[in-house]
Amino acid sequence: METCSIKDGSSVASSPISSPNISTLLKIKVLSWSKETGLPASVHVRVCNKSFNLHKTLLCTKSGYFKEREDQLSEIEIPQEFPGGAETFEKIMLFIYGCPTLIHPFNIAGLRCAAQFLEMTEQHSTGNLCERFDLYLNQVVLQNWDDTLVVLKKCQDLLPWSEDLLIVSRCIESLAFTACMEILDPERRREKPVVMLEGLVNQPWEYTTVEKIINQDTWIKDLTDLPFEFFRQVIGSLRRQGMKERYVSPLIVFYASKSVIPEGQSNTDILQRALDLLLTRDKAYRFVPVGFYFACLAHNLKHETVLKLQDQIVSLLHIAHTENFIYPKAGNGQVAFSQELLTMESLFSTYVSTESERHLTSSPSNMRVGKLWDVYLSRLPYDQEMKTTRFIELIETVPMSFRESHDQLYLAVNAFLQVHTTIYQEEKGSICSYLNSQKLSQATSLQLVKNEQMPLRLVVQALFIQQLNTHQAFKDCSDSFRFTNSADFSGSVVPSSRPLTSQQSPCTDDETGARNRPLCFLMQKDATLDEYESTSFRIHNLEEQLVSLKKSLQSHNNQKKPTCLGKRSASRNKNTFGQVKTACIGSVSFTSQRNYANKLLRVLRRVILFGSRKTNRKTDESER
């Protein structure tokens, strides 16, 4: 019996080992045996529509199957379920006639199953084929990763014989043991550690990235290429042999990603079974990126599985990425109540409920979740069918205390208003009332002021906040000049009630904040008395212009709607910033309101331009 082992990891689709014409060899051996013994080939055997004329004596000596049918051996038909078919039967017959045939991993599984079917055991003949094939499996195949993988894949077509003979289980245990050794690496043969999913936790989930990880290690790629039932058994064996879950869980994720996540390869049944394999282990959750769970939600899974996925997403929502969120598709019905939006709304609502019970509303994780939700809202494909009340519900999904900045919320509001250009001013005011001008960055505030979709009241608030910020910046810089220059500036600086220390300098991050720091540092460097007096004079003039504009606006209101004066006290209330607002502000025509807003904007630009000119002058002086 000649043997061969696969060392190059050849494909199992077809054997790379060339073999002679088996049918011709068998006919030659039968004729030779007839001449040597003088006995005719008296048994007619039919296997899978192929007939063989064989000798009764040899068949009964080697095979218990034929010996039991010795009385009816003149003509016998082998059942269709004979493992390996007619080709394997021919190879078995060659062994019976004493002809050495090449054995290799591509045919050993079929030969072993066929020998068992024909009952070719030691009970009927010493050194029979069953024992010889088992010896080859144990001493050759199972000692090599590639050979074991080839045999295991061949067993797929030989079920249930290959399982009953423990060929499958032996191959699986061998693969699992080799994988464990690959992880442990006792001989330190690996140049770098096994790459798993830790590096993907803080990154968007992309199949191309996962594919690169899979291809880095051959053993991972080989395991994820197995049929699912074999893969499931390998995972069970890995866990029994003690492999840590931080290595086992990623294998399941790789398998699911490779088999069902890419477009064109969707197989919900395999994904469902893979997730069942993953979600049975509590320890597996923290080793799986949240982006993978989002990708799985796009498939039609069982309700119980969806609930488990959502639980894991909620626990990891603060490290999620908006690229992995599920979005409604434009044109596929109403966006307001699409399945994707309802699922995302449910996830964030569950997170908010959980955090509210823990009383951690101002934690960094909650602030990130609030920003993620606003980004999601800003990217929705809004349509005309979504009502204002529904959009307000979406805004209120995450409480305002979760929003450290309102920049993304402004983008969401603007995206909604760009689609709903004909809604009433009352509805527009209701939506924009959730925007806090104090939580907008300078760049976003400037965008808001220029946006004609924004209500005038919000524009004025944004301008007023920018004016206060600018005034405070100059005031803080004034204090910094006094701190950095010990000389007295006659009539320019109002003495402080107490001396400032180095820790109390208004230019420090603790006092002025990140918003005022660039301007403070700009004017603190190389400041002189003349520059400071010029700045103070300029600010005073700008403030006078702002006051004049406000008086002009009030005078215009009085002339336009005198009847509103009597109602002012009754309609006066406080907005979210503590400013007084009246019911008469909406009585001014939109064109005149926009003109006054533009004047205020020009004043603000002059303040910014003045600071930038000073910066340029400082740069030129330093270059000289």
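**Helix pair α5/α6.** I looked up the handedness with which α5 passes α6 in this predicted model, and I recorded a left-handed crossing. I then listed the contact residues: α5 contributes Ile108, Leu111, Arg112, Ala115 and Gln116, while α6 contributes Leu129, Cys130, Phe133, Asp134, Tyr136 and Leu137. Sorted by class, this contact of α5 with α6 holds 8 nonpolar, 1 polar and 2 charged residues.

For the geometry, I took α5 as residues 108-117 and α6 as residues 129-139; their axes come within 9 Å and cross at roughly 150 degrees.

**Cysteines.** I searched the whole structure for disulfides and found 0. I checked Cys155 in particular: the nearest cysteine sulfur belongs to Cys171 and is 5.3 Å away, and Cys155 is in no disulfide. The cut-off for a disulfide is a sulfur pair within 2.5 Å.

I also looked up burial. Cys155 has 0% relative accessibility and so counts as buried.

**Glu70.** I located Glu70 in the loop between α3 (64-68) and β4 (75-78). Its relative accessibility is 34%, so I noted Glu70 as partly exposed. Leaving out residues up to four places away in sequence, I found that Glu70 touches Lys56 and Cys60. For Glu70 and Cys60, which are 10 residues apart along the chain, I noted a C-alpha separation of 7.0 Å.

Terms used
Residues are numbered from 1 along each chain as its sequence is written. This is a predicted model: local features need pLDDT of at least 70, side-chain atom pairs count only at pLDDT 80 or more; totals for chains, interfaces and linings use all residues. Side-chain values use heavy atoms; hydrogens and water are left out. Buried means under 20% relative accessible area, exposed over 50%, partly exposed in between (1.4 Å probe, protein chains only). Axes are lines fitted to C-alpha atoms, for helices over the stretch in contact, and angles run from 0 to 180 degrees between N-to-C directions. Helices (H or I, at least four residues) and strands (E, at least two) are DSSP runs, numbered from the N terminus. A crossing is left-handed if the near helix is turned anticlockwise from the far one by less than a right angle, and right-handed if clockwise. Contact means heavy atoms within 4.5 Å. Ala, Val, Leu, Ile, Met, Phe, Trp, Tyr, Cys and Pro count as nonpolar, Asp, Glu, Lys and Arg as charged, and the others, Gly among them, as polar.
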